[in-house]
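Here are a few exercises to work through with the model open beside you. Try each one yourself before reading the solution.

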Amino acid sequence: IHRSETEQFLTEEGLCNSAAKLVDKGTILYALYGATSGEVDIAKLSGAINQAILAIIPNRNVDKYFLKEQLLYKKQYIVNTFLQGGQGNLSSAIVNNINISLPSFPEQQSIATFFRTLDNKIQTTSKKLASLKKLKSASLVAMFPQNGESKPKVRFNGFEGEWSKVELCSISKKVTNRNMDMQYTTTLTNSAEHGIIDQLAFFDHPVSNNDNISGYYVVENGDFVYNPRISALAPVGPINQNQIGYTGVMSPLYYVFRVDGVDTDYLSYYFKTTLWHQYLKDVGNSGARFDRLAITDSDFQKMPIYLPTNREEQQAIATFFRYTDRKIALETARLEKLKQIKLACLDKMFV
């Protein structure tokens, strides 16, 4: 059965009012305004809505969960047709004229049940992923000394005693080897979000070329790199380790250093904390470039680093975070796969 107009299966309560109105739990809510225009969901509790949301109450011959998914399937078409570049607002008139195809009611229920099951899996995976990320964030605080303390609040069994505080220069050396013979042609970048990656993967186009990389630093696998660029994710710039498995080159704007005498994986996670941020804020300044922190090599090398005196404790901490990162990556991939499955099913199961 094909219905050409929303009015054929909506009651009058489905029309949008300009004033706030009460809606019952289970009402379909359709976002009309702002960045969420075209989003559809079902109210999980009773409450009030304003003119930015359209309340939709299907007739008895329409399963509300089926209708919700049908409207979600139509979202991209609506956004592309009625919103300029994804900007602007929709209206109740636009939604009222969405063409909806309806199979028999039992088939609607079967389709709705399938998508509800899929949505539950997506929701469960999303919650698990959020919990893992929260665990990692909390552990980055609890498993390292805070506020001048000499020991962390949380430690693995068998380890005790105070940690040591050393200067970065005592466990590292600056890399000054440049790509003069053009042995390496892969330019790397240090992203606050993604770590050290191939520049092409980050920018989708080459920023450097073979004519200007002869003076770039050679960054071997395992080397650390400081990027002085300030961002919301890295308020003093990120320090990341090259873990991509091969050697590349980086601009002299970066500070590249090689570590000795400490577990490098431990140090990699240490730089995921904020323990070293205040020191860089104290000795650095943004100068004329508000988006970059200006700091001398000498000051950078004096950065205090907190270390467990027992190398095995360093390794235990690194192992814990590696395991947590693997679980986060697994759940991230699982969530992405479930979302792809839903998009494919929406495309195949609706017309």
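A residue is called buried under 20% relative accessible area, exposed over 50%, and partly exposed in between (1.4 Å probe, protein chains only). Keep in mind that this is a predicted model, where local features need pLDDT of at least 70, side-chain atom pairs count only at pLDDT 80 or more, and totals for chains, interfaces and linings use all residues. Residues are numbered from 1 along each chain as its sequence is written, and side-chain values use heavy atoms, with hydrogens and water left out.

**Exercise 1.** Decide whether Ser268 is buried or exposed, and find what Ser268 touches.

*Solution.* Start with the location: Ser268 sits in helix 6. Helices (H or I, at least four residues) and strands (E, at least two) are DSSP runs, numbered from the N terminus. Next, check the accessibility: Ser268 counts as buried because its relative accessibility is 8%. Last, look for contacts, meaning heavy atoms within 4.5 Å. Leaving out residues up to four places away in sequence, Ser268 touches Phe224, Gln241 and Gln243.

**Exercise 2.** Work out the strand order of the four-stranded open sheet, and name its edges.

*Solution.* Two strands pair if DSSP finds at least two bridges between them. Strand 9 (172–174) and strand 14 each pair on one side only, making them the edge strands. Now zoom in on one pair: strand 13 (residues 224–226) and strand 14 run antiparallel and are joined by three bridges. Val225, for instance, has Asn240 of strand 14 as its bridge partner.

**Exercise 3.** Describe the largest pocket: its volume, its lining and the elements behind it.

*Solution.* A pocket, on a 1 Å grid over the protein atoms alone, is an open set of points where a 1.4 Å probe fits, with protein on both sides within 12 Å along at least five of seven lines; lining residues have an atom within 4 Å of a point. The volume of the largest one is about 1200 Å³. Its lining has 31 residues, with Lys136, Ala192, Glu193, Asn240 and Lys272 nearest the centre. Elements supplying at least two lining residues include strand 14 (239–241) and helix 6 (264–270). Helix 4 gives the most, with four residues.

**Exercise 4.** Which residues lie nearest the centre of the second largest pocket?

*Solution.* This pocket has a volume of about 890 Å³. Of its 27 lining residues, Asp41, Lys68, Glu69, Asp119 and Lys342 lie nearest the centre. Helix 4 and helix 9 are among the elements that give two or more residues to this lining.

How values were computed
Grid points are joined across faces, edges and corners, and a volume is the space filled by probe spheres set on the points.
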